[in-house]
Number of protein chains: 2
Amino acid sequence: MFSFKELTAQFTKHFNTAHFPKEPQSLYAADDYFLGLGGKRIRPVMCLMGNELFDEIHDDAWQVATAIELFHNFTLIHDDIMDAAALRRGLETVHFKYGSNTALLAGDVMLVVAYEYLNKINTSYLKSIINIFSKTAKEVCEGQQLDMDFEKMQNVVLDDYLKMIELKTSVLLAASLKMGAIIGGAGEGNQENLYQFGKNLGIAFQVQDDYLDAFGDPDKVGKTVGGDIRQNKKTFLLIHAMETANAQQKDELGQLLQTNPENKVERVLQIFRDCNVDDWARQLKQHYFDKALFHLEEVAVLSARKKPLIEIAGFLIQRDY
Amino acid sequence: MFSFKELTAQFTKHFNTAHFPKEPQSLYAADDYFLGLGGKRIRPVMCLMGNELFDEIHDDAWQVATAIELFHNFTLIHDDIMDAAALRRGLETVHFKYGSNTALLAGDVMLVVAYEYLNKINTSYLKSIINIFSKTAKEVCEGQQLDMDFEKMQNVVLDDYLKMIELKTSVLLAASLKMGAIIGGAGEGNQENLYQFGKNLGIAFQVQDDYLDAFGDPDKVGKTVGGDIRQNKKTFLLIHAMETANAQQKDELGQLLQTNPENKVERVLQIFRDCNVDDWARQLKQHYFDKALFHLEEVAVLSARKKPLIEIAGFLIQRDY
């Protein structure tokens, strides 16, 4: 059994290889550049852990983990185009460095290469892995579309926002674990519990992310807070505030969303606090985190084997903020 | 055995179904819209013919044909974004109608759905079909990148242009035939000859396309000629002219490429004629067409079975222009 840290190091080393042909350099340099920006490699590590929960890590888990990380990077390249983002991990995005057209193609070809890795695995579970992978890929695209739709909407209902987060963020964590579990020989019940563990963990993570952007300690979070508020981003906090605020607070929030006064962040935060949005968000995060852990407990293997997954959950969901 | 016309009608009917979920409508309406624009469906029909050359059409050939047509449409949606094209088949492109971001995602998800169709076929040849499909998909992306690179270059060598056309246009025709042949149970030699038939046919088609845009009869071609010249597009004709023109002609061509005089088309055409580019292009087309037919002849099945493929070749490559 490997720890979260060990598996991350191993995967990072494994992944640090040539995934693309040399030519045309004008296309593949963009892919190499983006992968070189690094990343936490959480999703592929979850795939490896999903395997190791049931059996020694099989070669196929490395192929699927690689496919998952390539898929994730493909979505980031295309998301950056859609968001017109200039920076990713502190460096230029692909479309800023190579132009939108090359970035578009570099993403496309990365998705194809992800499928090439999938296609290397054992035929016995090839179809079920490709099925899960493709279903998840579609869902991630759907989540991104909903996210863009919500940006243009005045009011978003909490359930709809939750669904969007599930699609855009959670299902890939969930599917990574499940695909690993299949390679490890898990039965369907265990696969499903692992999937639910990943899905709920992802939601808890996003609630925490929204919470920290508003109420986090800048020193611990590592960035100035209030970014989402300044950008009028739909978040768990804003949506809940809109749902629970009284008429006067709702009016003020509505006005603050349409203007950019200097004290916007403080005023929105005050309304959040007055509506107990901070408490509510902490509870919501805990709710999904508990739900995740419940499903992990339900997985029928010795508790000791679950240690790396509890470790990764603890890494994603911090209790001290 | 079905004729080209019959297979086209059958595929069109088969393809005219819901390929995408209903929700989110904001994403999938864009996909449905684009598929609704129609198309000649040449590639999927070639897949069906590749199968029928060796055996009755298997259910799997319909799945692969559907995947091929979805892949082709995915490339068109993304190409239209890259080219900033407003019209496709006389109607609005996806990015004009739904915005670039949705068009990007609509393309992405269409590629994923193409893989979903592939994943339905018999496990015995699933891996080899996905391999060919993915290899071809990468090549098509590479061809599009080269095409964009060439636009920015002053001089393009004929061999490089040929390679670009092969990747961007020909390999998908070739792979469609080959995948069909695999489903039909063809041996490797026959698969390879069919692939070469498709590849050379694709090149001959592109030479003809470039030729007709310059020297075609507007009534027969169905559009005004000289569009490529007006847009300074690299074509077989322009590249050959630059390679064979004398110093004075080269100077004039160079100047014409940098300016837009009213008689630009006529003057360029005159240089083309003076350099015998028209004769050369007709011969080049014939060369690749003959090469294609040679490989078709090499396929070891009764000549009568090849009739639909000869029909489709004749449809693509007209002799009377």
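A residue is called buried here if 20 or more other C-beta atoms, placed from the backbone, lie within 10 Å of its own, exposed if 12 or fewer do, and partly exposed in between. The model is predicted: local features need pLDDT of at least 70, side-chain atom pairs count only at pLDDT 80 or more, and totals for chains, interfaces and linings use all residues. Residues are numbered from 1 along each chain as its sequence is written, while chains are lettered from A and ligands numbered from 1 in the order in which they are written.

Colour by confidence to begin. pLDDT is the predictor's confidence in each residue, from 0 to 100; chain A averages 96, and 99% of its residues score at least 70. The model has an ipTM of 0.96 and a pTM of 0.96.

Select chain A. It holds 16 helices and two strands; helices (H or I, at least four residues) and strands (E, at least two) are DSSP runs, numbered from the N terminus. The C-alpha trace spans about 60 × 50 × 35 Å along its principal axes. Of the 321 residues in chain A, 49% are buried.

Now show both chains. Chain A can be laid on chain B by a turn of 180° and a shift of 0.0 Å along the axis, with an RMSD of 0.0 Å, which is the relation of a two-fold axis. The superposition is by least squares on the C-alpha atoms of residues with pLDDT of at least 70 in both copies.

Select the residues where the chains meet. Contact requires C-beta atoms, placed from the backbone, to lie within 7 Å; 32 residues from chain A and 32 residues from chain B take part. On the side of chain A that touches chain B, H2 (25-36), H4 (59-83), H6 (100-118) and H7 (123-152) each supply at least two residues. The largest share, 15 residues, comes from H7(A). The same surface serves both copies, as 100% of the contact residues of chain A recur in chain B.

Go to helix H4 of chain B, residues 59-83. Of its 25 residues, 21 are buried. After H4(B) comes B:Ala84, with a positive phi near 50°.

Next, centre on B:Leu201 in helix H9 (residues 188-215) of chain B. B:Leu201 counts as buried because it has 27 C-beta neighbours inside 10 Å. Leaving out residues up to four places away in sequence, B:Leu201 touches B:Leu173, B:Ala292, B:Ala313 and B:Leu316. The C-alpha atom of B:Ile317, 116 residues away along the chain, is separated from that of B:Leu201 by 8.0 Å.

The last stops concern the backbone. Most residues other than glycine have a negative phi, and most peptide bonds are trans. The bond from A:Glu23 to A:Pro24 is cis, with omega near -5°, and A:Pro24 lies in the loop between helix H1 (4-15) and H2 of chain A. In chain B, the bond from B:Glu23 to B:Pro24 is also cis, with omega near -5°.

Select B:Arg89, in the loop between strand S1 (87-88) and strand S2 (91-92) of chain B. Phi of B:Arg89 is positive, near 50°, and B:Arg89 counts as exposed, with 11 C-beta neighbours inside 10 Å. Finish at B:Asn232, between helix H11 (227-230) and helix H12 (236-244) of chain B, where phi is about 55°. B:Asn232 is partly exposed, with 15 other C-beta atoms within 10 Å.

Notes. Two residues are in contact if their C-beta atoms, placed from the backbone, lie within 7 Å.
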